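Please read it alongside the sequence and the coordinates.

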Amino acid sequence: MLEQTDRVALAVPNADEAATGLNAIFDSVIVDDIVDTDANARRVTLQWGFDQLELYEPKGPGPVADFIKSGKRGLFAGGFALTDPSAVAARIEQAGIRITQQGDRFVVYPQDLRNTGVILSPVAERERVGLMDKIWQITYNAPNLDECIAFYSDLFGIKDKLTNYYTSKVWGYHSAITWFDARKGAGLDSLEYLDPYDHEKAAGRFIARTGGTGGIYMASTHTDDLPVIRERVISTGGGWENSPNKVSTGFIHPRRTYGLLLAVCNYDEFDARRPTPENPDSWSS
């Protein structure tokens with residue numbers, strides 16, 4: 001089963017440009033730069049807080065080039081860390097979904113799984129680098145909430161985890177969150193599902209752009225250095241939007257983060273309102 005959210009991967013036309021721009025905002029650093037022969041792409045990895053952000057630049061025909069050509073520039077895959085990645089990889093393969101092994105990690109390309117690329121890696125302890133702390137949530141946007149939850153919960157082996165449901169009138173969607181560890185004070189690591197009902201708002205427009213199939217919509221992070229990040233985004237070209245209903249949350253527009261819609265949050269604020277088995281209905285949008 002999934003234990004942590006630990007990375008996101010972006011498909012970008014120019015990895016050097018993306019790395020420079022992201023590092024300037026977050027003080028992240030490049031820790032790896034290789035040719036990924038399976039993806040036929042250059043893969044540049046940034047240490048981004050305790051987690052990692054991967055940039056895939058296509059070298060020729062392949063899943064990354066196909067993703068960019070189809071107009072889906074940006075969120076290529078969401079990554080999860082677990083003690084035994086091979087166990088979940090086996091579940092995925094048994095479901096008839098193509099999976100690629102790369103040493104001790106496993107990759108599913110977006111074209112093979114509803115536009116939701118997946119990277120499964122072993123749990124790893126890393127030093128915090130830069131202004132970010134952790135990626136705590138990957139958000140899938142799909143046209144059928146109940147079917148989506150049932151499908152991924154079975155695929156990832158998380159059916160026994162706490163899932164809470166809510167509706168956001170602000171953003172125009174029905175939603176659910178599956179928490180990997182639903183205890184106060186634990187990590188916020190989770191998988192969120194959105195099903196838009198207002199197709200004039202951002203989540204609904206995203207569904208339309210994908211031809212109705214959906215995909216990975218955004219990622220959420222937490223850090224105590226949110227004010228510094230906010231000031232950097234605002235002072236270097238804009239793209240920051242304060243949350244209308246949470247004190248210590250903001251969103252960075254994908255144009256500033258190379259196709260990644262990013263929520264930046266405060267851990268304590270979200271931990272205080274997280275649902276638990278004893279109080280499963282505490283969450284609100």
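1. Two strands pair if DSSP finds at least two bridges between them. Helices (H or I, at least four residues) and strands (E, at least two) are DSSP runs, numbered from the N terminus. On these terms, strand S9 (residues 134-141) and strand S12 (residues 190-196) run parallel and are joined by 5 bridges. Within this pair, Ile138 stands opposite Leu191 of S12.

2. Basis of the note. The model is predicted, so local features need pLDDT of at least 70 and side-chain atom pairs count only at pLDDT 80 or more, while totals for chains, interfaces and linings use all residues. Residues are numbered from 1 along each chain as its sequence is written, and side-chain values use heavy atoms, with hydrogens and water left out.

3. The sheet. Eight strands form an open sheet with mixed pairing, in the order S10-S11-S12-S9-S13-S16-S15-S14. Strand S10 (163-168) and strand S14 (240-242) are the edges; each has a single partner strand, so one side of each lacks a neighbour in the sheet. From one strand to the next the twist averages 25°.

4. Strand S16. This strand (262-265) is joined to S13 by 4 bridges in parallel and to S15 by 4 bridges in antiparallel. Ala219 stands opposite Leu262, and Phe251 stands opposite Ala263. In a regular strand the side chains alternate between the two faces of the sheet. Here Leu262 and Val264 point one way, Ala263 and Cys265 the other, and all are buried (under 20% relative accessible area, with exposed over 50% and partly exposed in between, for a 1.4 Å probe and protein chains only).

5. Helices across the sheet. Helix H5 (residues 202-209) lies across S9, strand S11 (173-179), S12 and strand S13 (215-222), at about 140° to S13. Helix H6 (residues 226-235) lies across S14, strand S15 (249-252) and S16, at about 130° to S14. Axes are lines fitted to C-alpha atoms, for helices over the stretch in contact, and angles run from 0 to 180 degrees between N-to-C directions.

6. Helix H1. Asn14 caps the N-terminal end, with a side-chain oxygen 3.0 Å from the backbone nitrogen of Asp16. Just after the helix, Asp27 takes a positive phi of about 60°. The buried residues of H1 include Ala15, Leu22 and Phe26; the buried residues pack against strands S2, S3, S4, S15 and S16 and against H6.

7. H1 against H6. The two axes come within 8 Å and cross at roughly 130°. That makes H1 oblique to H6, given that angles under 35 degrees count as roughly parallel, over 145 as roughly antiparallel, 65 to 115 as roughly perpendicular and the rest as oblique. Ala24, Ile25 and Phe26 of H1 make the contact with Ile229, Arg232 and Val233 of H6 (heavy atoms within 4.5 Å).

8. Asn266. This residue lies in the loop between S16 and helix H7 (267-273) and counts as buried because its relative accessibility is 19%. A polar atom of the Asn266 side chain lies 3.0 Å from the backbone nitrogen of Asp268, and one lies 2.9 Å from that of Glu269. Leaving aside neighbours within four places in sequence, Asn266 is in contact with His222, Thr223, Asp224 and Ser248.

How values were computed. A polar contact is a pair of N or O atoms within 3.5 Å; within protein, one must be able to donate a hydrogen and the other to accept it, and residues adjacent in sequence count only if both atoms are side-chain atoms.
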